[in-house]
Amino acid sequence: MAITKNNLFTEDNLAKLNPVLIINFSNSIDEASHFELCHKVRHNKELMHIPFIFISEQFSPSDIIRSLESGASSYFITPFDRESLMERINYLIAESKLKQNGNYSEFGIDIILEGKKHFISAEKVQIIELL
């Protein structure tokens with residue numbers, strides 16, 4: 001697992017570590033670098049299967065939308081329930097293993113938020129619940 005606070009990891013560092021999960025803590029999710037890192041992970045063939053969770057002290061619908069656009073798997077706002085986080089982590093890791101083995105079909109729906117179309121899969125339902 002790679003846990004980064006204020007983006008201490010880069011795409012190259014993460015590729016060397018080969019984590020099963022990335023958790024990005026931030027006091028201010030407004031910084032574009034957090035979303036950029038997630039976006040780079042999603043577009044890197046070596047890393048794209050790794051679940052990416054944002055944890056932030058701040059919340060706004062635009063943050064949720066930006067996390068969807070960058071490819072985040074989940075988004076938690078502090079304070080959060082540890083049990084919920086652990087359940088989500090276990091689910092995301094199991095799902096990631098299925099994807100890597102080719103035993104996973106992604107189902108979902110298209111929604112429009114703030115004029116942009118987003119594909120919402122089961123893994124992103126938790127993000128939408130925050131809206």
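Mentor: Let us begin with two residues: phenylalanine 35 and phenylalanine 54 are both buried, a term that means under 20% relative accessible area, with exposed over 50% and partly exposed in between (1.4 Å probe, protein chains only). The model is predicted, so local features need a pLDDT of at least 70 and side-chain atom pairs count only at pLDDT 80 or more, whereas totals for chains, interfaces and linings use all residues. Residues are numbered from 1 along each chain as its sequence is written, and side-chain values use heavy atoms, with hydrogens and water left out.

The aromatic rings come next. Four aromatic pairs are found in a search of the whole structure; rings of Phe, Tyr and Trp (its six-membered ring) pair if their centres lie within 6.5 Å, and planes under 30 degrees apart count as stacked, over 60 as edge-to-face and the rest as tilted. Phenylalanine 35 and phenylalanine 54 form a tilted pair, 5.3 Å from centre to centre with 55° between the planes. Because phenylalanine 35 belongs to helix H2 (residues 32–42) and phenylalanine 54 to strand E3 (residues 52–56), this pair ties together parts that are 19 residues apart in sequence. The names of these elements follow a rule: helices (H or I, at least four residues) and strands (E, at least two) are DSSP runs, numbered from the N terminus.

Phenylalanine 54 also forms a tilted pair with tyrosine 75, at 6.3 Å centre to centre and 55° between the planes. Here phenylalanine 54 lies in E3 and tyrosine 75 in strand E4, so the pair ties together parts that are 21 residues apart in sequence. Tyrosine 75 is buried, as phenylalanine 54 is. Ring pairs join Phe35, Phe52, Phe54 and Tyr75 into a cluster.

Five of the five residues of E3 are buried, so E3 is largely enclosed by the rest of the structure. Phe52, Phe54 and Ser56 point one way from E3, while Ile53 and Ile55 point the other way. In a regular strand the side chains alternate between the two faces of the sheet.

E3 has partners in two strands. E2 and E3 pair in the parallel sense over five bridges, where two strands pair if DSSP finds at least two bridges between them. Isoleucine 55 in E3 is the bridge partner of phenylalanine 25. E3 and E4 are also paired in the parallel sense, over four bridges, and isoleucine 53 stands opposite serine 74 in E4. From E3 the chain passes through H3 to E4, and this β-α-β crossover is right-handed; that is, with the strands pointing away from the viewer, the path from the first strand over the helix to the second runs clockwise. Helix H3 (residues 61–70) has its own buried residues, among them Ile64, Ile65 and Leu68, and is followed by glycine 71, whose phi is positive, near 100°.

A nonpolar core is a set of buried Ala, Val, Leu, Ile, Met, Phe, Trp, Tyr and Cys residues joined through side-chain atoms within 4.5 Å. The largest core has 13 residues, of which Leu14, Ile22, Val41, Phe52 and Phe54 touch the most other members. H2 and E3 each supply at least two residues of this core, and H2 gives the most, with four. A second, separate core of nine residues includes Ile23, Ile55, Ile89 and Leu92. In soluble globular proteins, nonpolar side chains tend to be buried together. Isoleucine 22 is found in strand E2 and has a relative accessible area of 0%.

Finally, consider confidence and the wider setting. The average pLDDT of the protein is 77, and 73% of the residues score at least 70; pLDDT is the predictor's confidence in each residue, from 0 to 100. Confidence is highest in E3, at a mean of 89, and lowest in helix H5 (residues 125–130), at 52. Where pLDDT is low, the predicted coordinates should not be read in detail. The protein contains five helices and six strands, and buried residues make up 41% of its 131 residues.
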